Amino acid sequence: MSADINKLEQIASQVRRDIVRMVHACQSGHPGGSLGCTDYLVALYFNAMKRNPSFHMDGIGEDLFFLSNGHISPVFYSTLARAGYFEVSELATFRKINSRLQGHPTTHEGLPGIRIASGSLGQGLSAAIGAAQAKKLNKDTNLVYVLMGDGELQEGQVWEAAMYAPHNKVDNLIAAVDYNGAQIDGSTDQVLSLGNLRAKWEAFGWDVLEVAKGNDMAAVVAGIEEAKSHTGKGKPVVILLHTEMGNGVDFMMGSHKWHGVAPNNDQLASALGQLTETLGDY
């Protein structure tokens, strides 16, 4: 699929503006990981995925995406809104009482684009595998995508699912790991080292790809397209996506402290000064 990288970068800049404004407005949320995953989510929804913005929960005839690390909901909500699933103005309700845009996505709110409630880490891969197997049973040739955080890989359920998928030849699945090396309490190396992730996934029987520049749009687009070319060959595919927490906002980069901290007024102004408004703020 031919991609207009400049257009995708413009969308990503607006999504990043949405993220910092949403988190600032309610003084709650997770900007760091959201900013780091922006390029991946934009590349998926605006280039890679076959999708239907009118949204049907069964997802028949389209690609599916599952967000496992649900705390990065700001980037998910912004991407969905900018992709036409619901009105962009609704982003202003993020984390407010009775809003459909809660801190962690839920299905009972009826928000278009949300297929699973996520927030309890370690569960998204299992859900995605089930959806991928359902597609095979329904003779639906579309793909299933799932995004996990690297700190999330410290959860045991991930590795149960990682063992299951190759055994059952779930080869219509593309998983991605937000490999930023940071989690709420520090670096993943300090909290609980992940060791050699490529070797681990390969040992479990996965086809492993790496995107060394997970915040470079052209590299991300190319990585997803390569992953798609590896599907249908008897193995599930996983992308190790090397990102930087807080990418796009200089004072949020290189530190785990912005995992779940909202910017103050001055910090918001600084952040917005670094991010070009391209599609119009909500």
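The model is predicted: local features need pLDDT of at least 70, side-chain atom pairs count only at pLDDT 80 or more, and totals for chains, interfaces and linings use all residues. Residues are numbered from 1 along each chain as its sequence is written, and side-chain values use heavy atoms, with hydrogens and water left out.

Helices (H or I, at least four residues) and strands (E, at least two) are DSSP runs, numbered from the N terminus, and two strands pair if DSSP finds at least two bridges between them. Strand β6 pairs with strand β7 (residues 237-241) in the parallel sense over five bridges; Val208 has Val238 in β7 as its bridge partner. Strands β2 and β3 also run parallel and are joined by six bridges, and the bridge partner of Val146 is Ala175 in β3.

Six of its six residues are buried, where buried means under 20% relative accessible area, exposed means over 50%, and partly exposed lies in between (1.4 Å probe, protein chains only). In a regular strand the side chains alternate between the two faces of the sheet. In β3, Leu173, Ala175 and Val177 point one way, while Ile174, Ala176 and Asp178 point the other way, and all are buried.

Contact here means heavy atoms within 4.5 Å. Leaving aside neighbours within four places in sequence, Leu240 is in contact with Val177, Tyr179, Leu197, Arg198, Trp201, Val208, Leu209, Glu210 and Val211.

The expected span of a helix is 1.5 Å times one less than its number of residues. The 22 residues of α1 should therefore span 32 Å, and the end C-alpha atoms are 32 Å apart, which agrees. At the start of α1, a side-chain oxygen of Asp4 reaches to within 3.3 Å of the backbone nitrogen of Asn6. After α1 comes Gln27, in the loop between α1 and α2. Phi of Gln27 is near 50 degrees, a positive value in a residue other than glycine. With a relative accessible area of 47%, Gln27 is partly exposed.

In soluble globular proteins, nonpolar side chains tend to be buried together. A nonpolar core is a set of buried Ala, Val, Leu, Ile, Met, Phe, Trp, Tyr and Cys residues joined through side-chain atoms within 4.5 Å. The largest such core has 58 residues, of which Tyr40, Phe65 and Tyr145 touch the most other members. Helix α2 (residues 31-48) supplies the largest share of this core, nine residues. Not counting residues up to four places away in sequence, Phe65 touches Leu41, Leu44, Tyr45, Met49, Phe76, Arg115, Tyr145, Val146 and Leu147. A second, separate core of 28 residues includes Met148, Ala162, Ala175 and Leu194.

Finally, Gln183 is placed in strand β4 (residues 182-183). Gln183 counts as buried because its relative accessibility is 12%. Its side chain makes a polar contact with the side chain of Gln154 (2.7 Å). A polar contact is a pair of N or O atoms within 3.5 Å; within protein, one must be able to donate a hydrogen and the other to accept it, and residues adjacent in sequence count only if both atoms are side-chain atoms. Among the residues that Gln183 touches, not counting those up to four places away in sequence, are Gly151, His256 and His259.
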